[in-house]
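Please look over the sequence and the structure shown below before reading on. The report then takes up one region after another.

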Amino acid sequence: MLNRISKSVLLGLFSCLVAVCFSSCSKEKETIGVIIVKSSSNTVEGASVRLHQDGQQNPQGEGVLPGLAQEGETDESGRIQFNYDMEAVLNVDVVKYPTGNPEDGNDTLTGSDVIRLLRGKVVTKTININ
């Protein structure tokens, strides 16, 4: 009788151990924001894209959350990807200097919008610049 109870207890403990090990190994999906920059329906390579919370209020009323600003340039397909650890609502600012030089500001193309990143999802936003 005691041997039978011991086997049941050991089997139960082993099952719990296996369940805990497999459930803790699942990796959470990344939170990704993809920005595609277009001008006159053509994608724009080399546009500077900045995601930030300047001027936005944290829902808890504590100001902006630190460390959320990221920037980079679009690739040859007019696309750039940003990875985050959490959900966020971010401003998107895009600037393209046709000559590549900010001093030549006559033909500068700009655009802006807002993107809402959702935890574990890929959110894509197209920004038109003119």
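Predicted model: local features only at pLDDT ≥ 70, side-chain atom pairs only at ≥ 80, totals over all residues.

## The loop between β1 and β2

S40 also has its place in the loop between β1, residues 31-39, and β2. The backbone of S40 has a positive phi of about 55 degrees although S40 is not a glycine, and S41, which is not a glycine either, has a positive phi of about 65 degrees. As background, most residues other than glycine have a negative phi.

S40 counts as exposed because its relative accessible area is 63%, and S41 counts as exposed because its value is 60%.

A47 lies in the loop between β2, residues 42-43, and β3, residues 48-52. Because its relative accessibility is 0%, A47 counts as buried. Leaving aside residues up to four places away in sequence, A47 touches V37, G72, E73, T74, V94, V95 and K96. With one of these, E73, the C-alpha to C-alpha distance is 5.3 Å, although A47 and E73 are 26 residues apart in sequence.

## The four-stranded sheet

An open sheet of four strands is arranged in the order β4-β3-β6-β7, and its pairing is antiparallel. Because β4 and β7 stand at the edges with a single partner strand each, one side of each is left without a neighbour in the sheet. From one strand to the next, the twist averages 20 degrees.

Within this sheet, β3 and β6 run antiparallel and are joined by five bridges; R50 has D93 in β6 as its bridge partner. A polar atom of the Q53 side chain lies 3.2 Å from the backbone oxygen of V89.

## The nonpolar core

The largest nonpolar core has 19 residues, and those with the most contacts inside it are I35, V49 and L51. Two or more residues come from each of β1, β3, β5 (79-84), β6 (88-96), β7 (109-117) and β8 (122-128), and β6 gives the most, with four residues. In general terms, nonpolar side chains tend to be buried together in soluble globular proteins.

V49 shows how many parts of the chain can meet at one residue of this kind: not counting residues up to four places away in sequence, its contacts include I35, V37, I80, F82, V92 and V94, and among them are also Q70, E71, G72, T74 and D93.

## Salt bridges

How many salt bridges are counted? The count comes to two. In one, D54 pairs with R50, and the closest N and O atoms are 3.2 Å apart. D54 is partly exposed, with a relative accessible area of 45%, and R50 counts as partly exposed at 27%.

In the other, K125 pairs with D113, with the closest N and O atoms 3.7 Å apart. Because K125 lies in strand β8 and D113 in strand β7, the pair ties together parts that are twelve residues apart in sequence. K125 is partly exposed, with a relative accessible area of 25%, and D113 is likewise partly exposed, at 33%.

Note on methods:
Residues numbered from 1 in each chain as written. Heavy atoms only, no water. Buried < 20%, exposed > 50% of the residue type's maximum accessible area, 1.4 Å probe, protein only. Contact = heavy atoms within 4.5 Å. Polar contact = N/O pair within 3.5 Å; in protein donor to acceptor, adjacent residues only side chain to side chain. Core = buried A, V, L, I, M, F, W, Y, C linked by side-chain atoms within 4.5 Å. Pairing = 2+ DSSP bridges. Axes fitted to C-alpha atoms, helices over the stretch in contact; angles between N-to-C directions. Salt bridge = Lys/Arg side-chain N within 4 Å of Asp/Glu carboxyl O.
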